[in-house]
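Subject: The structure to look at

Hello,

Here is the structure for you to open. Please have it on screen while you read the rest of this email.

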Amino acid sequence: ARLVGTAKGAGMIEPNMATMLGFLMTDASFSREELQGALSEVVLDSFNAISVDGDESTSDTVVLVSSCAKSGTTLADFREALREVCQDLAAQIVHNGEGTRHVIRVSVTGASDDATARRVAKAVVNGPLFK
């Protein structure tokens with residue numbers, strides 16, 4: 001199966017996707033529920049994990065569409081490919097962000113859960129000492 005994507009973002013990019021558009025297309029044959037589940041999972045660690053200026057917007061969209069023309073790919077393999085594409089597109093948005101002069105990547109270890117790790121990382125990247 002094939003998977004391609006494109007994304008656009010400028011300013012107001014902060015976790016929860018903010019002002020950005022992402023379009024993903026595949027020919028993998030999975031149900032709507034399987035595709036939605038895979039997309040919902042991978043945006044947590046890709047599009048919803050980036051920040052350019054710390055400002056959120058309500059104008060955010062990521063769409064995954066499939067022609068369902070090809071079978072034979074496992075959902076696990078598709079999910080991993082989707083994660084790779086989404087993380088790459090999200091990183092490109094950050095690198096091309098309005099006024100971006102430097103990029104940092106924060107990795108939190110030892111947090112009690114993923115939600116806590118995300119809050120800590122968000123506080124670091126949006127903190128005035130790191131801007």
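Below is what was found, starting with the whole chain and then moving to single residues.

Keep one thing in mind from the start: this is a predicted model.

**The whole chain**

How many helices and strands does the chain have? It has three helices and three strands. Follow the sequence and they come in the order β-β-α-β-α-α. The radius of gyration is 16 Å, close to the 14 Å that the globule rule gives for 131 residues, so the chain is as compact as a globular protein of that length. Along the principal axes, the C-alpha atoms fill a box of roughly 50 × 35 × 25 Å.

Of the 131 residues, 31% are buried. The accessible surface is about 7,900 Å². Carbon and sulfur atoms account for 51% of that surface.

Contacts come next. Take those between residues at least 6 apart in sequence. Of these, 77% join residues at least 24 apart.

Then the charges. There are 12 positive side chains and 17 negative ones. The centres of the two sets lie 2 Å apart.

Find Asp27 in strand β2, which covers residues 20-28. Is Asp27 buried or exposed? Its relative accessibility is 5%, under the 20% cut-off, so Asp27 counts as buried. Which residues does Asp27 touch, leaving out those up to four places away in sequence? They are Ala1, Arg2, Ser66, Ser67, Cys68, Ala69 and Lys70. Look closely at Arg2. The backbone nitrogen of Arg2 lies 2.7 Å from a polar atom of the Asp27 side chain.

Now go to Cys68, one of the residues that Asp27 touches. Cys68 sits in strand β3, residues 60-70. At 38% relative accessibility, Cys68 is partly exposed. Check its backbone too. Phi of Cys68 is near 55°, a positive value in a residue other than glycine. Most residues other than glycine have a negative phi.

**Thr61**

Stay in strand β3, where Thr61 is also found. Thr61 has 30% relative accessibility and counts as partly exposed. Set aside residues up to four places away in sequence, and Thr61 touches Met20, Leu21 and Gly22. How far is Thr61 from Ser40, C-alpha to C-alpha? The two are 21 residues apart along the chain, and their C-alpha atoms are separated by 12 Å.

**Two arginines in helices**

Start with Arg32. It lies in helix α1, residues 32-44. Its relative accessible area is 71%, over the 50% cut-off, so Arg32 is exposed. Arg32 and Gly72 are 40 residues apart in sequence. Their C-alpha atoms are 17 Å apart in space.

Then turn to Arg83 in helix α2, which spans residues 75-95. Is Arg83 buried or exposed? At 17% relative accessibility, Arg83 falls under the 20% cut-off, so it counts as buried. Which residues is Arg83 in contact with, once neighbours within four places in sequence are left aside? The contacts are Glu41, Val42 and Asp45.

- Asp27, buried in strand β2.
- Cys68, with its positive phi.
- Arg83, buried in helix α2.

Best wishes

Methods:
Residues are numbered from 1 along each chain as its sequence is written. This is a predicted model: local features need pLDDT of at least 70, side-chain atom pairs count only at pLDDT 80 or more; totals for chains, interfaces and linings use all residues. Side-chain values use heavy atoms; hydrogens and water are left out. Helices (H or I, at least four residues) and strands (E, at least two) are DSSP runs, numbered from the N terminus. The radius of gyration is taken over C-alpha atoms; the globule rule is 2.2 Å times the number of residues to the power 0.38. Buried means under 20% relative accessible area, exposed over 50%, partly exposed in between (1.4 Å probe, protein chains only). Contact means heavy atoms within 4.5 Å. Accessible areas come from the Shrake-Rupley method with a 1.4 Å probe; for residues, only the protein chains shown count as cover. Lys and Arg count as positive and Asp and Glu as negative; His and the chain ends are not counted. The place of a charge is taken as NZ of Lys, CZ of Arg, CG of Asp or CD of Glu. A polar contact is a pair of N or O atoms within 3.5 Å; within protein, one must be able to donate a hydrogen and the other to accept it, and residues adjacent in sequence count only if both atoms are side-chain atoms.
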